Amino acid sequence: MPNGGILSALDKYHGEDTSKVILGTTSLLVAIHCLTSFQIYAMPVFDNWECKYTTKKKKPCPWWLRTGLRVFFGCLTFFISVALPFLPSLAGLIGGIALTVTLAYPCLMWIMIKKPNRYSPSWFINWSLGLLGLVLSVLLVFGAIWTIATQGMDVHFFKTQ
């Protein structure tokens, strides 16, 4: 099932032999995961906006403005997902670029902040994990570019596939 997703595959291959309660629970848990992960991964955007506000106004951001900014960002991302339905084709490329923040950035930032003794075990471990994260990110980006180049990508604005 190309671009059908895991829930479509679950329904297609296990829809007859699995109870509706389990299928419904699975769908509900996936929806909860998507809603909560959106909040987690959007947090840097919210923090950046609030930091700019507090820097400019020299006072804390009020609750109603924070709520408004979050609703605006949610509406903006919804609009982008509707306007650009071909984004799942770019998921590997976007994920490869963002993977560096998840895998390499924390390790290298820890080294910069804590300044462990050079060549100590924690220094080696963090450098190794950071470099491994960078290598995996580069490999994922190259793989995504290769996939896009070999399979192509249909681009239709405001038109679902």
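## Salt bridges between the domains

A salt bridge is a side-chain nitrogen of Lys or Arg within 4 Å of a carboxyl oxygen of Asp or Glu. By that criterion, zero salt bridges are counted between domain 1 and domain 2 of this predicted model.

Five residues from domain 1 and five residues from domain 2 take part in the contact.

The size of an interface is often given as the accessible area lost when the parts come together. For domain 1 and domain 2, the area buried between them is about 420 Å², and 61% of it is on carbon and sulfur atoms.

## The annotated span

The unreviewed UniProt entry carries the annotation "domain: Amino acid transporter transmembrane", which covers residues 17-148. In the model, residues 17-148 are 83% helix and 0% strand.

Side chains of opposite charge can pair when their charged atoms come close. How many salt bridges does the rule give? The count comes to two salt bridges. One of them joins Glu50 and Arg66, whose closest N and O atoms are 3.2 Å apart. Glu50 belongs to helix 2 and Arg66 to helix 3 (residues 63-83), so this pair ties together parts that are 16 residues apart in sequence. Another salt bridge is formed by Arg70 with Glu50, with the closest N and O atoms 3.3 Å apart. Here too the pair links distant parts of the chain, as Arg70 is in helix 3 and Glu50 in helix 2, 20 residues apart. Through shared partners, the salt bridges join Glu50, Arg66 and Arg70 into one network.

Arg66, at 35% relative accessibility, counts as partly exposed. Arg70 is likewise partly exposed, with a relative accessible area of 22%.

## Tyr53 in helix 2

Helix 2 (residues 20-57) also contains Tyr53. The relative accessible area of Tyr53 is 19%, so the residue is buried. Which residues does Tyr53 touch, leaving aside its neighbours within four places in sequence? Tyr53 is in contact with Lys58, Lys59, Pro60, Cys61, Pro62 and Leu65.

Tyr53 and Met109 are 56 residues apart along the chain, and their C-alpha atoms are separated by 26 Å.

## Ser120 in a loop

Ser120 is found in the loop between helix 5 (105-114) and helix 6 (121-151). With a relative accessibility of 15%, Ser120 counts as buried. What does the side chain of Ser120 reach? At 2.8 Å, the side chain of Ser120 reaches the backbone oxygen of Asn117.

Conventions:
Residues numbered from 1 in each chain as written. Predicted model: local features only at pLDDT ≥ 70, side-chain atom pairs only at ≥ 80, totals over all residues. Heavy atoms only, no water. Helix = DSSP H or I, 4+ residues; strand = E, 2+ residues; numbered from the N terminus. Buried < 20%, exposed > 50% of the residue type's maximum accessible area, 1.4 Å probe, protein only. Contact = heavy atoms within 4.5 Å. UniProt positions renumbered as here; feature names shortened; annotations may be inferred. Polar contact = N/O pair within 3.5 Å; in protein donor to acceptor, adjacent residues only side chain to side chain. Buried area = accessible area lost by both parts, 1.4 Å probe.
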